[in-house]
Amino acid sequence: MALSRIFLLLCLFLVASVLTYQSLSVARSSVVRNFGRSRAAGAASSALVSMPRDFAKARRRERRFHTAVTATSALYNRWQCRIMYYWYKKFKDEAGSEMGGFTRVLHSGKPDNLMDEIPTFVVDPLPPGMDKGYVVLNRPWAFVQWLQKANIEEEYIFMAEPDHVILRPIPNLAIDDMPAAYPFFYITPKSHEKLLRRYFPEDRGPITNIDPIGNSPVIIKKSHLLRVAPTWANVSLQLKNDPAADKAFGWVLEMYGYAVASALHGIQHILHKNFMVQPPWDGKLGEVYMIHYTYGCDYTMKGELTYGKVGEWRFDKRSYTQKVMPQNLTLPPPGVPETVVRLVQMVNEATANLPNWTMQ
């Protein structure tokens, strides 16, 4: 990257940082807060951690959201994005959907061979060395650039990931100023309170104001994400440069970055347990909207989970970092949870119908 380009990137980043801290002083007055952590009587379902009482009223009008997926041009990301976009198109216009446009935010700095297949907006990666080998740090920086430069018609943004498979039409789960998110069992701000107080001081409120979430899946107002994204980028970079935080948070560091950033802006999320499932730990599909296949699924031929040990039957996206996921994968043996079975079935359907699958 030329020195002039790096300078321009850093200038843009500094401007975003200034805007971030200016916006923090007014964030609390502009965002609906404190609907409470308990279920609102007569309004919440078992799939929700919290829900405002005016949910039904807010759902009367259609509120389309724009799906955004950040990605690199690596083969590993490309085949995942193709499967994700295949299922997005399948359900976008079905009854109950409020899915609007779609953008793959490509943070490789240059076009790749999927430009004609998937709607794509190219942004710059962080300057060399800034991510310290943690490529996910480019995600918030990619959103900062996309939000500032792109023409996005929808009022809401759905931040998704390449390894999401959509199972059915997704409605807008956000309520006006209150975004919707998925609660992750491994995001535990209370357990890291002493460390997080470096970034979320006590005058900002209790540590429970930091939601147990990452940036994805999240459905949020575009106007709110415009304010949160620069803070998210800054906090994530600070966490990465903090040895204690880097060690404590590891591969979920950027998720904590988003959780802290949104809390700094006074934003709390409606937590939807049925937003997605993560096999093999979630075995039942229920009424979920997506499968997130971040974990490997290893089983014996008797259907017994062998997590941590390669199984006689396995599905693991990391087996295909340097090669394309094969077509017509063998279905799991009897006894394997329905979430794993459905995942393999949907991957097989997508790879069978996408053109030139083996040639990407």
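This is a predicted model: local features need pLDDT of at least 70, side-chain atom pairs count only at pLDDT 80 or more; totals for chains, interfaces and linings use all residues.
Strand E10 covers residues 290–292 and runs parallel to E9, the two being joined by two bridges.

E9 and E10 belong to an open sheet of three strands with mixed pairing, ordered E5-E10-E9. The edges are taken by E5 (164–166) and E9 (276–277); each has a single partner strand, so one side of each lacks a neighbour in the sheet.

## Packing of H3 against H9

Helix H3 (residues 75–91) packs with helix H9 (residues 338–353) at an angle of about 95 degrees, and the axes lie 10 Å apart. H3 is therefore roughly perpendicular to H9, since angles of 65 to 115 degrees fall in that class.

On the H3 side, the contact is made by Ile83, Tyr86, Trp87, Lys90 and Phe91. Their counterparts in H9 are Met346, Val347, Glu349, Ala350, Thr351 and Asn353. By residue class, the contact of H3 with H9 comprises seven nonpolar, two polar and two charged residues.

## Helix H4

Helix H4 has twelve residues, 138–149. From first C-alpha to last, H4 reaches 16 Å, close to the 16 Å expected at 1.5 Å a residue.

The buried residues of H4 are Asn138, Arg139, Pro140, Trp141, Ala142, Phe143, Val144, Gln145, Trp146 and Leu147.

Key:
Residues are numbered from 1 along each chain as its sequence is written. Side-chain values use heavy atoms; hydrogens and water are left out. Helices (H or I, at least four residues) and strands (E, at least two) are DSSP runs, numbered from the N terminus. The expected span of a helix is 1.5 Å times one less than its number of residues. Buried means under 20% relative accessible area, exposed over 50%, partly exposed in between (1.4 Å probe, protein chains only). Axes are lines fitted to C-alpha atoms, for helices over the stretch in contact, and angles run from 0 to 180 degrees between N-to-C directions. Angles under 35 degrees count as roughly parallel, over 145 as roughly antiparallel, 65 to 115 as roughly perpendicular and the rest as oblique. Contact means heavy atoms within 4.5 Å. Ala, Val, Leu, Ile, Met, Phe, Trp, Tyr, Cys and Pro count as nonpolar, Asp, Glu, Lys and Arg as charged, and the others, Gly among them, as polar. Two strands pair if DSSP finds at least two bridges between them.
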